[in-house]
Amino acid sequence: MTKQHSVKRDTSEIIGLLRDSFANGVTRSVAWRDQQLAGLAEMLRENSEAFESALQSDLGKSPVEGVLTEIGFLLSEIRYARSHLKSWTRGKHLTVPLALLPASARVVPEPYGTVLVIAPWNYPLMLALSPLIGVIAAGNTGVIKPSELAPHTSAAVASLIPLYLDPRAFAVVEGGVEETTELLGQKWDYIFYTGNGTVGRIVQAAAAKNLTPTTLELGGKSPVYVDDSVNLRAAAQRIVWGKLMNSGQTCVAPDYLLATPSIITKLIPLLADAVRDLYGTAVQQNPDYGRIINERHTKRLSALLEGGTVVFGGRVDIDDLFVEPTIITDVDLDSDLMTQEIFGPILPLIPVSNLDEAIAFVNGRDKPLALYVFSNDRSIRSRWIAETSSGAIGFDVPAAHLMAPGLPFGGVGESGTGNYHGARSFLTFSHEKAVLTKPLKPDTLRSSVMPPFTETKQTIIRKLLNKLS
Ligand code: NAD
């Protein structure tokens with residue numbers, strides 16, 4: 001039997017098992033869902049060290065950063081989901097229009113069924129398991145496909161999930177393009193994909209064959225705008241923090257910075273100070289600073305440096321998968337540096353003459369996943385909200401919107417479609433079923449909207465129409 005055949009059989013066997021479990025009601029009770037969420041939290045707590053070391057092996061991620069941005073983030077999402085689970089699953093009652101009375105209306109959330117979650121390599125644990133929290137809470141069964149580019153984390157997830165979650169309902173399938181293609185060839189009830197837009201299109205095309213709903217969490221270039229109403233030193237520190245987290249391999253990292261030429265001149269030394277402040281002068285030796293995922297991406301980043309003049313940093317060590325925090329000016333807007341998502345520790349500074357030009361610059365490009373504005377001027381903040389479109393806006397802080405579970409997290413246009421986190425994770429993996437109950441007695445329909453349309457009925461209908469105008 002060829003490898004392809006065995007993968008195929010395994011995949012359909014797994015999906016068959018999950019579908020049977022769903023049909024048999026394994027996932028229906030709220031108590032079972034809560035137990036699974038508790039199991040997921042237990043897995044993270046009991047194996048925190050194993051996950052931290054897997055993340056370190058895959059990305060050189062410091063254990064504390066692993067705890068902050070992956071394990072801790074997941075634990076707080078699980079806690080939030082567990083504390084809201086009962087109210088989410090209850091659905092909600094709605095008012096009905098007078099003309100329909102007596103009647104009652106409610107929205108009942110129902111699980112889709114069997115879900116596929118495809119994760120990328122940059123936050124390989126968090127992005128595989130964060131959607132899973134919603135999958136579980138909403139009462140689905142599901143398969144997780146971690147990224148093959150983060151093999152240690154993928155292996156840890158694959159070996160531990162079956163020990164902590166009900167294997168009748170959840171499975172992990174490891175692998176790369178071949179295995180994912182195989183998975184995408186199957187019929188799913190929902191597909192949740194995080195990664196780049198090229199593969200996002202492949203996922204959506206595969207989903208379209210079965211009219212399967214999808215969420216696409218994609219990336220792109222997230223701009224930063226800075227004006228001189230803010231403390232530039234404090235702004236520079238936050239921008240550098242957001243940019244260098246995970247060595248810039250963060251979907252919501254500031255990609256490039258827009259400011260007037262005089263602000264750019266002031267910002268260059270402040271950004272450099274911030275790098276030294278956070279990571280010292282020997283960045284390569286600092287264990288808090290991670291590595292690029294692989295040689296291909298390190299070389300890609302090295303080539304991006306050609307897109308302008310390096311005014312700070314710029315050193316690349318391909319063998320060590322190291323790219324120094326780098327600031328670039330005199331940027332060629334047609335170079336790869338500005339036409340591709342950077343996804344690394346390189347920050348281009350682009351001069352604009354005023355706010356209008358900055359807004360036009362952003363609007364002339366794909367809608368970003370996030371947009372960051374450092375300004376104390378309320379009217380300027382309002383203009384960015386009203387005149388641009390992006391997945392999110394952060395005023396005076398990059399990336400932190402992820403930590404507010406009440407905020408939907410997702411993109412728009414090229415940066416993605418759909419969202420999750422907090423209650424949105426539950427809703428993403430639930431079909432909101434409309435339920436209307438109208439008693440047969442008194443029969444208000446027969447006496448108002450059903451034929452024959454007597455003069456009295458016509459008068460009633462026209463009166464109702466007038467009320468609408
Ligand atoms: P990746 O290479 O790990 O790919 C993502 C997933 O797609 C993997 O599981 C991989 O196996 C699968 N895949 C790759 N090629 C495929 C193919 N031809 N057919 C089917 N499946 C395939 O990760 P990536 O795409 O390089 O991730 C980085 C991108 O993801 C960036 O653009 C980043 O901005 C974006 N991202 C977005 C978010 C978000 O939440 N919006 C989060 C993280 C990353």
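In which helix does Ala360 lie, and which residues does that helix span?

Reply: Ala360 lies in helix H13, which spans residues 355-363. The model is predicted, so local features require pLDDT of at least 70 and side-chain atom pairs pLDDT 80 or more, whereas totals for chains, interfaces and linings use all residues. Residues are numbered from 1 along each chain as its sequence is written, and side-chain values use heavy atoms, without hydrogens or water.

Ala360 counts as partly exposed because its relative accessibility is 47% (buried is under 20%, exposed over 50%, partly exposed in between, with a 1.4 Å probe and protein chains only). Thr388 stands 28 residues from Ala360 in sequence, and their C-alpha atoms are 8.8 Å apart.

The chain around this helix has 16 helices and 18 strands (DSSP runs of H or I with at least four residues, and of E with at least two, numbered from the N terminus). Of its 469 residues, 51% are buried. Its C-alpha atoms fill a box of roughly 85 × 60 × 40 Å along the principal axes. Among contacts with a separation of 6 or more, 71% join residues 24 or more positions apart (a contact is heavy atoms within 4.5 Å).

The interior can be described through its nonpolar cores (buried Ala, Val, Leu, Ile, Met, Phe, Trp, Tyr and Cys joined through side-chain atoms within 4.5 Å). The largest has 83 residues, and Leu40, Leu129, Leu132 and Val226 have the most contacts inside it. At least three of its residues come from each of domain 1 (3-218 + 420-431) and domain 2 (222-404), with bounds taken from an automatic or database domain assignment. Apart from this core lies another of 25 residues, among them Leu301, Leu304, Val331 and Ile350. Leu132 touches Leu40, Ile144, Ile161, Leu165 and Phe170, when residues up to four places away in sequence are not counted.

The ligand is surrounded by 27 residues, of which Ser147, Glu148, Asn196, Leu218 and Glu341 are the closest (a heavy atom within 4 Å qualifies a residue). Its polar contacts (N or O pairs within 3.5 Å) include an oxygen atom 2.7 Å from a polar side-chain atom of Glu148. An oxygen atom of the ligand also lies 3.2 Å from a polar backbone atom of Gly195, and a ligand nitrogen atom is 2.7 Å from a polar backbone atom of Leu218. Taken alone, the ligand exposes 850 Å², of which the protein buries 91% (Shrake-Rupley areas, 1.4 Å probe; for residues, only the protein chains shown count as cover).

Definitions and conventions:
Polar contact = N/O pair within 3.5 Å; in protein donor to acceptor, adjacent residues only side chain to side chain.
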